[in-house]
Amino acid sequence: MMMVWCCCCCCCFVFCFVCRLLSVVCFGVVVPSSSCCSSSCCCSPTDKVTCGKTMVRYENLAGGGVDVHYSDGSKERADLVVGADGIWSQVRAQMHEEDKKTATYSGFKVFAGICEYTPHDIKEVGYKVFMGKKKYFVATDIGKGRVQWYAFIGVDANEETPEGAEALTWLHDDVFGEWTNEVREIIAATEVSAVENRALYDRPPQITKSWSDGHVALVGDAIHPMMPNLGQGGCMAIEDAFVLADELAKIDDKSRVPEALRAYRWRRQVRTAAVQGLSRFGAEMLLRFFDHPMRVEMEEGKMMPRVVNFGYLGFLMAAWKVLGVLDTTFKLQFNYLFEEP
Ligand SMILES: Cc1cc2nc3c(=O)[nH]c(=O)nc-3n(C[C@H](O)[C@H](O)[C@H](O)COP(=O)(O)OP(=O)(O)OC[C@H]3O[C@@H](n4cnc5c(N)ncnc54)[C@H](O)[C@@H]3O)c2cc1C
């Protein structure tokens with residue numbers, strides 16, 4: 001019987017599921033999100049779920065187990081600790097002896113909201129990205145007449161942006177003031193209480209540093225946080241959990257856990273680094289490079305057309321559009337992303 005301590009959002013479901021397949025008991029699974037806690041998988045009578053505890057340090061024991069110490073002074077013992085504690089991971093900080101938890105500011109801040117809105121083309125399109133210079137807007141149909149949206153805005157790390165109701169007005173009137181009606185209608189349909197914002201960070205791939213220490217492993221954002229441009233951070237965390245469970249299923253003795261953790265790392269290293277790189281590349285392109293394509297437009301009351309967004313980047317973007325560069329890039333990317341982990 002193996003006991004596992006794991007703190008995460010994305011990974012716990014898969015991990016608990018696989019652990020049960022392996023006749024393993026999930027011990028002290030910390031599931032901070034209330035939506036996760038309501039999942040029957042995590043809260044079944046065979047699992048012990050602990051909410052609201054903060055892990056401060058782990059201690060690999062000479063006999064092979066691990067002690068997990070919490071901020072309230074309590075501790076738990078497990079055979080395996082999975083550090084799925086996000087980009088500011090305490091488990092990673094201890095494992096890599098980081099004095100200060102660090103991450104790289106991406107240049108983007110994101111405002112996210114949910115509102116009741118039904119786009120006119122809901123039957124044809126479920127996911128839309130509206131792109132502009134140093135900003136883009138993503139709208140996703142999340143069912144029951146609701147849309148979830150993200151507004152990514154290029155701002156300096158220390159630049160202040162409005163909060164609350166002022167943020168909605170700012171997004172509606174200034175940031176997206178001249179954009180298509182759909183974007184502004186979505187913002188206008190959003191309640192202030194349904195909007196949150198945060199600065200976006202990632203970290204470079206961890207090639208030289210370990211992903212495990214004895215009976216402790218890192219998964220998800222704790223080891224490979226990435227920009228959300230490809231929508232892959234959560235997917236990679238779930239793949240990690242799948243591969244980790246697969247490697248653990250191959251061992252027949254607890255003493256071989258460190259070996260399984262190393263095998264897990266080698267299977268995940270290249271793929272997660274590639275997706276981290278592609279996500280960062282996408283963000284950099286949008287922040288530093290992307291512009292509106294050059295186009296020719298007729299002005300009302302005038303005989304001659306005018307050229308809008310004339311310039312090197314505008315021309316390049318128009319050429320890309322004609323040549324289908326983005327379509328091809330997206331196809332290649334998605335073929336890779338949908339491969340088996
Ligand atoms: C705007 C945006 C859009 C995104 N869109 C997508 C998408 O479409 N698809 C996708 O796959 N991914 C997406 N992502 C990425 C995804 O959200 C993350 O990659 C994913 O949540 C990482 O999961 P995780 O379990 O590793 O970490 P997290 O989700 O960060 O969970 C870590 C958990 O650990 C807890 N914790 C932290 N420290 C401790 C501690 N010391 N003790 C106990 N608990 C602790 C935290 O409270 C938190 O609940 C998006 C991200 C953003 C910001």
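Which residue in β13 is the bridge partner of Val110? The partner is Arg198. This pair belongs to a model that is predicted. The report starts with the chain as a whole and then takes its parts in turn.

## The chain as a whole

The chain has 341 residues, and 45% of them count as buried. Its secondary structure consists of nine helices and 17 strands.

Take the contacts between residues at least 6 apart in sequence: 64% of them join residues at least 24 apart. The accessible surface of the chain is about 18100 Å². Carbon and sulfur atoms account for 56% of that surface.

β9 and β13 are joined by seven bridges, in the antiparallel sense.

Ala260 is part of helix α7. Is Ala260 buried or exposed? Its relative accessibility is 3%, so Ala260 counts as buried; the cut-off for buried is under 20%. Setting aside neighbours within four places in sequence, Ala260 is in contact with Glu247, Leu248 and Ile251. Ala249 is 11 residues from Ala260 in sequence. Their C-alpha atoms are 8.8 Å apart in space.

## Helices α4 and α5

Two packed helices are described by the angle between their axes and the distance between the axes. For α4 and α5, the angle is about 165° and the axes are 9 Å apart. That makes α4 roughly antiparallel to α5, because angles over 145 degrees count as roughly antiparallel. The crossing of α4 past α5 is left-handed. On the α4 side, the contact is made by Leu168, Leu171 and His172. On the α5 side, Arg184, Ile187 and Ala188 take part.

Which residues of helix α5 (residues 181-188) are buried? They are Glu182, Val183, Arg184, Ile186 and Ile187. Their cover includes α4 (164-175) and the strands β9 (104-116), β10 (127-132), β11 (135-143) and β12 (146-154). An α-helix has 3.6 residues a turn, so residues three or four places apart point the same way.

Glu185 is also found in helix α5. With 39% relative accessibility, Glu185 counts as partly exposed. That value falls between the cut-offs, because buried means under 20% and exposed means over 50%. Glu185 and Tyr117 are 68 residues apart along the chain. Their C-alpha atoms are separated by 8.3 Å.

## The three-stranded sheet

Another open sheet has three strands, in the order β5-β6-β7. Here too the pairing is antiparallel. β5 (55-60) and β7 (75-78) stand at the edges. Each has a single partner strand, so one side of each is left without a neighbour in the sheet. From one strand to the next, the twist averages 20°.

How many bridges pair β5 with strand β6 (residues 66-70)? There are five, in the antiparallel sense. Glu59 stands opposite Asp67 in β6.

Strand β8 (residues 80-83) is covered on both faces. Leu80 and Val82 lie on one side, and Val81 and Gly83 lie on the other. All four are buried.

The partner here is strand β15 (residues 216-218). β8 and β15 run parallel and are joined by three bridges. Within this pair, Val81 stands opposite Val216 in β15.

Notes:
Residues numbered from 1 in each chain as written. Predicted model: local features only at pLDDT ≥ 70, side-chain atom pairs only at ≥ 80, totals over all residues. Heavy atoms only, no water. Helix = DSSP H or I, 4+ residues; strand = E, 2+ residues; numbered from the N terminus. Buried < 20%, exposed > 50% of the residue type's maximum accessible area, 1.4 Å probe, protein only. Contact = heavy atoms within 4.5 Å. Areas by Shrake-Rupley, 256 points an atom, 1.4 Å probe, with all protein chains shown as cover. Pairing = 2+ DSSP bridges. Axes fitted to C-alpha atoms, helices over the stretch in contact; angles between N-to-C directions. Parallel < 35°, antiparallel > 145°, perpendicular 65-115°, else oblique. Left-handed = near helix turned anticlockwise from the far one by under 90°.
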